Amino acid sequence: MDSSVITARLEAHIGMMKEFESNEALKASLLAAAEMIESCFRAGGKVYFCGNGGSAADAQHIAAELSGRFYFDRESLPAEALHCNTSYLTAVANDYSFDIIYSRLIAGLGRPGDVLVGLSTSGNSKNILMAFEECRSKGIRTIAFTGATGGSMKELADVLVNVPSNDTPRIQEAHITAGHIVCEMVEQAIFGK
């Protein structure tokens, strides 16, 4: 086993995060995402999260930071990851198509003024694209967390947080960092600590 991979991956992570830090447009997108989520909560709306694979895990993680707690004890915020009901997920994927698992839930649960945050390293996950299209028809705002290009989600998202990488693990590392930053800003804005 070669330990040089450790140094190489840490250097890649640090380099990508330095690019993130120096990208003013990207930081403005993060601020816009936090402001959109804060506004949604203040108006009595809900924030939904979705992703696939590692991005589903990140979506669930960020939703839990908002609905549970982040830095301090406070009231729960109405945030949830859409993929957590495995009975729904497997039934709809089996009976209809995996492509509609999120759009069907948004059609049933989403209300105008809610927010959907979609995480996709490529920006091209069909089930998230279909959910974003459903959001447009219902007056639900969208935030896309993607890799460098933004993929097809770039055209559908109200706010695009496209981290400066094309390497899936580095993108996911940046997504969880970006999610934590958004959670901190929202928590401070709403609860004033």
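**View 1. Helices H2 and H6 against the sheet of this predicted model**. Helix H2, made of residues 24–42, lies across strand S1 (47–50), S2, strand S3 (115–119), S4 and S5, and the direction of H2 stands at about 135° to that of S5. Helix H6, which covers residues 126–138, also packs on the sheet, where H6 touches S1, S3 and S4; the direction of H6 makes about 160° with that of S3.

**View 2. The five-stranded open sheet and its edges**. Read across the sheet, the strands follow the order S2-S1-S3-S4-S5, and their pairing is parallel. The edges are formed by strand S2 (79–81) and strand S5 (159–162), each of which pairs on one side only. Neighbouring strands of this sheet are turned against each other by 15° on average, with direction ignored. As a general point, the strands of a sheet pair through backbone hydrogen bonds, and such pairing can be either parallel or antiparallel.

**View 3. The pairing of strands S4 and S5**. Strand S4, residues 141–146, pairs with S5 in the parallel sense, and the two strands are joined over four bridges. Within this view, phenylalanine 145 stands opposite valine 161, a residue of S5.

**View 4. A cavity with a nonpolar lining**. The model holds one cavity of 30 Å³ or more, and the largest cavity has a volume of about 50 Å³. Its lining consists of Ala33, Ile37, Phe49, Ile62, Leu66, Val117, Ile143, Phe145, Val182 and Cys183. When these lining residues are sorted by class, 10 are nonpolar, while no polar and no charged residues occur among them. H2, H3, S4 and helix H8 (168–191) each supply at least two residues of the lining.

**View 5. Serine 55 in helix H3**. Is serine 55 buried or exposed? Serine 55 lies in helix H3, which spans residues 54–67, and it counts as buried because its relative accessibility is 3%, whereas the cut-off for a buried residue is under 20%. Leaving aside residues up to four places away in sequence, serine 55 touches Leu119, Ser120, Thr121 and Gln172.

**View 6. The buried residues of helix H5**. Helix H5 runs over residues 101–109, and its buried residues are Ile101, Tyr102, Ser103, Leu105 and Ile106. Which elements do the buried residues of H5 pack against? They pack against S1, helix H4 (86–95), S3 and H6.

Note on methods:
Residues are numbered from 1 along each chain as its sequence is written. This is a predicted model: local features need pLDDT of at least 70, side-chain atom pairs count only at pLDDT 80 or more; totals for chains, interfaces and linings use all residues. Side-chain values use heavy atoms; hydrogens and water are left out. Buried means under 20% relative accessible area, exposed over 50%, partly exposed in between (1.4 Å probe, protein chains only). Contact means heavy atoms within 4.5 Å. Two strands pair if DSSP finds at least two bridges between them. Axes are lines fitted to C-alpha atoms, for helices over the stretch in contact, and angles run from 0 to 180 degrees between N-to-C directions. On a 1 Å grid over the protein atoms alone, a cavity is a set of points where a 1.4 Å probe fits but cannot get out, and a pocket is an open set with protein on both sides within 12 Å along at least five of seven lines; lining residues have an atom within 4 Å of a point. Grid points are joined across faces, edges and corners, and a volume is the space filled by probe spheres set on the points. Ala, Val, Leu, Ile, Met, Phe, Trp, Tyr, Cys and Pro count as nonpolar, Asp, Glu, Lys and Arg as charged, and the others, Gly among them, as polar.
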